[in-house]
Amino acid sequence: MQQLKTKVLIIGAGTGGYVAGIRCGQLGLDTVLVDGGDGLGGTCLNVGCIPSKAIIHAAGKFETVAKAAGGGTLGITAAAPVIDLKQTVEWKDGIVRKLNAGVAALLKKAKVKVIKGWAEFADAKTCVVKTEDGEIRITAEHVVLATGSEPVELPFLPFGGDVISSTEALSLSDVPKKLVVVGGGYIGLELGIAFRKLGAEVAIVEMAERILPLYDKALTDPVAKWLEKHGVELHLGARAGGFGDGKLSITTRDGEPLQLDADKVLVTVGRRPRTQGWGLENMGVAMAGPFVKIDNRCATSMKNVWAVGDLTGEPMLAHKGSAQGEVVAEIIAGRDRVFDPVTIAAVCFTEPEIVSAGLGPNDVAGRDDVIQSVFPFAAIGRALAIEAGEDGGFVRVLASKADHRILGVQAVGQHVSELSNSFAQMLEMGAVLEDVAGTIHVHPTLGEAFHEASLRALGHAIHI
Ligand SMILES: Cc1cc2nc3c(=O)[nH]c(=O)nc-3n(C[C@H](O)[C@H](O)[C@H](O)COP(=O)(O)OP(=O)(O)OC[C@H]3O[C@@H](n4cnc5c(N)ncnc54)[C@H](O)[C@@H]3O)c2cc1C
């Protein structure tokens with residue numbers, strides 16, 4: 001068997017692992033990156049963030065033309081659109097391939113050795129990788145675990161045939177006539193809304209009493225309104241059962257059995273860390289529930305074994321894994337770093353979009369030392385000019401009454417994902433309301449709602 005020794009061995013080339021690899025290479029560390037998946041970039045690039053946003057974008061275009069065909073919009077009329085989903089998926093795959101190649105080139109430039117194959121650990125610092133050309137035993141001084149996560153399967157609704165996960169939903173050859181989404185979290189809603197825009201009849205089955213239960217109700221209300229307006233059937237407080245003969249059995253909130261017609265059942269009930277089948281149990285690392293336990297340096301309980309990304313817990317977001325990957329590389333290179341962000345902003349690319357950074361109203365419930373201020377997009381010129389002012393969207397700022405330190409910023413509205421980094425920067429820099437109020441915001445932009453919400457918190461908003 002071929003033997004390989006390296007300073008750093010990274011398992012998994014998702015956004016956690018490949019970023020760790022590039023940074024290790026930049027810092028001159030001898031680095032090997034192993035991935036057994038379909039392409040560099042892991043879940044995010046191949047079957048997650050990027051392909052889902054591509055399909056969402058295509059669905060938005062389709063909807064715009066459909067509106068123009070259905071009586072006209074903004075004085076524009078058009079013929080009814082037709083979609084060839086196979087071509088859309090090919091276009092999406094082209095973007096993925098381009099990014100795969102980009103990641104490969106960046107790793108090469110950083111002199112990271114990439115090995116394609118599945119790794120299995122015999123002990124904490126040694127693994128065997130099964131490649132197409134045979135097995136390689138790799139020993140390393142430092143091991144970075146970045147094996148990511150996988151979709152949770154329901155035992156009574158196993159994946160296969162017309163019961164699909166988000167992965168298959170992103171590569172369908174036709175728009176299903178009737179789609180039932182089981183699980184009303186962000187992945188299910190993003191895809192459910194996209195397929196509704198593409199013309200599918202969509203029903204959502206969610207056990208909780210609200211969609212997107214991790215976000216507060218004010219943020220999710222505009223999304224719920226969009227679903228209602230567009231005829232998406234919502235079954236809240238309901239449980240899915242088995243699927244057969246084109247029908248999904250559910251039990252409604254009132255305990256009544258109901259059958260929902262479905263060409264496809266998309267199960268998006270969560271993701272779990274990928275901890276099975278690669279010898280994690282032989283490595284002697286401590287666990288925190290289903291996740292690998294790490295400290296604020298991303299160190300596991302085993303010396304010089306590090307872990308990043310979805311494997312290490314919530315929030316399971318690409319940018320968290322990347323940030324951890326950079327930190328770990330720098331620590332291995334001898335720098336004094338910790339992973340201790342003030343905030344990891346989260347975005348739902350629903351219709352409209354939702355952003356949440358820092359503390360929200362539920363986190364400060366019962367506290368009277370916090371100012372909360374909301375500014376609606378209905379009063380922002382740019383929002384009206386791009387048809388983003390009438391869906392109940394707003395920016396909300398939470399700040400300390402005592403010193404005006406910003407504690408949290410949330411928004412709901414079209415395109416608000418683009419505001420998320422400005423929210424995170426203010427929180428990370430420890431900004432006070434006066435910092436945002438004193439920043440001249442470009443007109444006309446959606447970001448003016450952040451400015452106005454901060455002014456409003458100080459008692460002197462201009463446009464309301
Ligand atoms: C539909 C969907 C949409 C999403 N949208 C967003 C979004 O908009 N924004 C966002 O921030 N996040 C989003 N996410 C989540 C995001 O994709 C993950 O948080 C991110 O990919 C996690 O990165 P990671 O590096 O931890 O692991 P992954 O990206 O899961 O990568 C792990 C890699 O490790 C490989 N691997 C595992 N075990 C082994 C082994 N033993 N040997 C070799 N290789 C191995 C796997 O093949 C995989 O390539 C989305 C996810 C999905 C499914």
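**Reading salt bridges and a ligand site**

Guide: In this predicted model, E150 and R274 form a salt bridge, with their closest N and O atoms 3.5 Å apart. The pair links distant parts of the chain, 124 residues apart: E150 belongs to strand β7, whereas R274 sits in the loop between β16 and β17.

Visitor: Why can side chains pair in this way?

Guide: Side chains of opposite charge can pair when their charged atoms come close. The structure holds 17 salt bridges. In one of them, the side chains of E330 and R23 meet at 2.7 Å, N to O. E330 lies in helix α8 and R23 in helix α1, so this pair ties together parts that are 307 residues apart in sequence.

Visitor: Are E330 and R23 buried or exposed?

Guide: Both E330 and R23 are buried.

Visitor: Which residues come nearest to the ligand?

Guide: Of the 39 residues around the ligand, D35, T43, K53, D310 and A318 come nearest. An N or O atom in the side chain of D35 is 2.7 Å from an oxygen atom of the ligand. The backbone contributes as well: an N or O atom of G36 lies 3.0 Å from a nitrogen atom of the ligand.

Visitor: How much of the ligand's accessible area does the protein cover?

Guide: The ligand has 1000 Å² of accessible area on its own, and the protein covers 96% of it.

Visitor: What is the make-up of the shell by class?

Guide: The shell around the ligand has 16 nonpolar, 18 polar and 5 charged residues. Its largest share, 4 residues, comes from α2.

Methods: Residues numbered from 1 in each chain as written. Predicted model: local features only at pLDDT ≥ 70, side-chain atom pairs only at ≥ 80, totals over all residues. Heavy atoms only, no water. Near = heavy atom within 4 Å. Polar contact = N/O pair within 3.5 Å; in protein donor to acceptor, adjacent residues only side chain to side chain. Areas by Shrake-Rupley, 256 points an atom, 1.4 Å probe, with all protein chains shown as cover. Helix = DSSP H or I, 4+ residues; strand = E, 2+ residues; numbered from the N terminus. Nonpolar A, V, L, I, M, F, W, Y, C, P; charged D, E, K, R; others polar. Salt bridge = Lys/Arg side-chain N within 4 Å of Asp/Glu carboxyl O. Buried < 20%, exposed > 50% of the residue type's maximum accessible area, 1.4 Å probe, protein only.
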